[in-house]
Amino acid sequence: MESAERFAGDLNENYELIMRAWPHANALRNVLAGNIVDYAAALHGSFSIIEIGSGAGESTSIILETLHFKGLLERTKFTSVELDPVLAAKQKKSLQSFIQKGVLEVIVADAFSYLKVSPAEVYNIFTSTWTLHNFNADLRLPLLVDIYRIMKSNGLFAVMDKYVPDEPDEEKRTFAEQLGSFHVYKSAGRKDLQSIMKAHEIEDRAPEYIMRTQETFKVMQQIGFSNCNLLIRARRDGVVTALKRKV
Ligand SMILES: C[S@@+](CC[C@H](N)C(=O)[O-])C[C@H]1O[C@@H](n2cnc3c(N)ncnc32)[C@H](O)[C@@H]1O
């Protein structure tokens, strides 16, 4: 199944309600944003950030606000790539002030096609949240290769996603915990979402989709990434950083 199909219809339309089963979402987004900002603060002059699968701007807004808070906005050029035009429109509306300042550009495009035609070594920072796991491993590999290609030397890869535990018992435990949290949909009168999200979670765990953390790091290191690091994990979700740097 294509990533766009995996994330269309029920999931996109009910995203706010769906996120109730991920109460740690913004805590992880804040860790991600803090890391991006610390890295950016050490750069000289202007810097560029690209985010893919930015949805309605859930993480984009936190990253931009954190950059603003640290006085880095004037030096920021942020490109946000989202496939779904409805979500991209929502993002454009809520983040209008950043667009007007010339900091943010929202692009409606398929990330694969967009990165493919991007020149090499143009972005200081690559970021994404809860998007890469939607691509099966056969698609994710060439995508990671393109991400590496478009990043500047010494660039930062900072991603929050389903970087699940490698340890089998912990993987099973967190899976059960995540499924257990879907009762919130029933309480909200949407029992249908409980089975939809259970099916999605089971699919994310299938061999062709699952992103075991250390396994993923090995793939990234083969591409050329170094300093792969899991900063924090809550349940099945983690914030990962890496550098485009020769070791
Ligand atoms: C789970 S949502 C994550 C949204 C947001 N980043 C967040 O943290 O909540 C995945 C997003 O990726 C987008 N997406 C899926 N396939 C894509 C593709 N090929 N190119 C760009 N965006 C894509 C979906 O439309 C959706 O907005």
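Reply: Two residues are taken to be in contact if their C-beta atoms, placed from the backbone, lie within 7 Å. On that basis, residues 24 or more positions apart account for 77% of the contacts in the chain with a separation of 6 or more. Please keep in mind that this is a predicted model.

Me: OK, and how many helices and strands are in the chain?

Reply: The chain has 13 helices and 7 strands. Its radius of gyration is 17 Å, close to the 18 Å that the globule rule gives for 247 residues, so the chain is as compact as a globular protein of that length. Taken along the principal axes, the C-alpha atoms fill a box of roughly 50 × 40 × 30 Å, and 35% of the 247 residues count as buried.

Me: Switching to the ligand, which residues come nearest to it?

Reply: There are 21 residues around the ligand, and of these Gly53, Gly55, Leu83, Ala111 and Thr129 come nearest. The elements that give two or more residues to this shell are helix 1 (3-6), helix 5 (58-69), strand 2 (76-82) and helix 8 (111-116).

Me: What's the shell like by class?

Reply: The shell around the ligand is made up of 9 nonpolar, 8 polar and 4 charged residues.

Me: You mentioned helix 5; which of its residues are buried?

Reply: In helix 5 the buried residues are Ser59, Thr60, Ile63, Leu64, Thr66 and Leu67. They cover an arc of only 160 degrees around the axis, which puts them on the same side of helix 5. As background, an α-helix has 3.6 residues a turn, so residues three or four places apart point the same way.

Me: And how does the span of helix 5 work out?

Reply: At 1.5 Å a residue, its 12 residues should span 16 Å, and the end C-alpha atoms of helix 5 are 17 Å apart, which agrees. Just after helix 5, Gly71 takes a positive phi of about 70 degrees.

Me: Which residues other than glycine have a positive phi?

Reply: Among them are Glu121, with a phi near 55 degrees, and Trp130, with a phi of about 50 degrees. Glu121 is found in the loop between helix 8 and strand 4, whereas Trp130 lies in the loop between strand 4 and helix 9.

Me: Is Trp130 buried or exposed?

Reply: Trp130 is buried, because 21 other C-beta atoms lie within 10 Å and the cut-off for buried is 20 or more. Glu121, with 13 C-beta neighbours inside 10 Å, counts as partly exposed.

Me: What about helix 9, which of its residues are buried?

Reply: Arg140, Leu144, Ile147 and Ile150 are the buried residues of helix 9, and they cover an arc of only 130 degrees around the axis, which puts them on the same side of helix 9. What covers them includes helix 8, strand 4 (123-129), strand 5 (151-161) and helix 13 (213-223).

Methods. Residues are numbered from 1 along each chain as its sequence is written. This is a predicted model: local features need pLDDT of at least 70, side-chain atom pairs count only at pLDDT 80 or more; totals for chains, interfaces and linings use all residues. A residue is near a molecule or strand if its C-beta atom, placed from the backbone, lies within 6 Å of it. Helices (H or I, at least four residues) and strands (E, at least two) are DSSP runs, numbered from the N terminus. Ala, Val, Leu, Ile, Met, Phe, Trp, Tyr, Cys and Pro count as nonpolar, Asp, Glu, Lys and Arg as charged, and the others, Gly among them, as polar. The expected span of a helix is 1.5 Å times one less than its number of residues. A residue is buried if 20 or more other C-beta atoms lie within 10 Å of its own, exposed if 12 or fewer, and partly exposed in between; C-beta atoms are placed from the backbone. The arc is that of the directions from the helix axis to the C-beta atoms. The radius of gyration is taken over C-alpha atoms; the globule rule is 2.2 Å times the number of residues to the power 0.38.
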